[in-house]
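Here's a friendly walk through one part of a protein model. Have the sequence and the 3D view ready, and follow along.

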Amino acid sequence: MDRFKKVYSQGVIEVMEIWIDTETGVNYLFRRSGNAAGFTPLLDKEGKTVITP
């Protein structure tokens with residue numbers, strides 16, 4: 001778990017989190033609702049991947 005760092009979290013049952021890959025800087029959105037969940041790259045308004053330096 002050292003590669004990914006959680007930088008934002010909201011919710012308990014319906015969870016939304018932002019994780020950063022510490023090797024590439026790519027930001028990911030994690031969403032969980034009940035038993036369903038997804039993890040996808042976070043995109044800006046132009047559809048480009050959000051990267052944290």
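## Two hairpins

Start at the turn with Gly34, which has a positive phi of about 65° and sits in the hairpin formed by E3 and E4, with 2 residues between the strands. Strands here are DSSP runs of at least two residues, numbered from the N terminus. E4 covers residues 36-41 and runs antiparallel to E3, joined by 6 bridges; two strands pair if DSSP finds at least two bridges between them. Across this pairing, Arg32 stands opposite Ala37 in E4.

E2 and E3 pair antiparallel over 7 bridges, and Met16 stands opposite Arg31 in E3.

## How this was worked out

This is a predicted model, so local features need pLDDT of at least 70 and side-chain atom pairs pLDDT 80 or more, while totals for chains, interfaces and linings use all residues. Residues are numbered from 1 along each chain as its sequence is written, and side-chain values use heavy atoms, leaving out hydrogens and water.

## Two buried residues

Asp21 lies in strand E2 (residues 14-21) and is buried at 2% relative accessible area; buried means under 20%, with a 1.4 Å probe and protein chains only. Its side chain makes a polar contact with the side chain of Arg3 (2.9 Å).

Asn27 lies in E3 (residues 27-33) and is buried too, at 6% relative accessibility. The Asn27 side chain has a polar contact with that of Thr52 (2.8 Å). Such a contact is a pair of N or O atoms within 3.5 Å; within protein, one must be able to donate a hydrogen and the other to accept it, and residues adjacent in sequence count only if both atoms are side-chain atoms.

Note on methods:
Helices (H or I, at least four residues) and strands (E, at least two) are DSSP runs, numbered from the N terminus. Buried means under 20% relative accessible area, exposed over 50%, partly exposed in between (1.4 Å probe, protein chains only).
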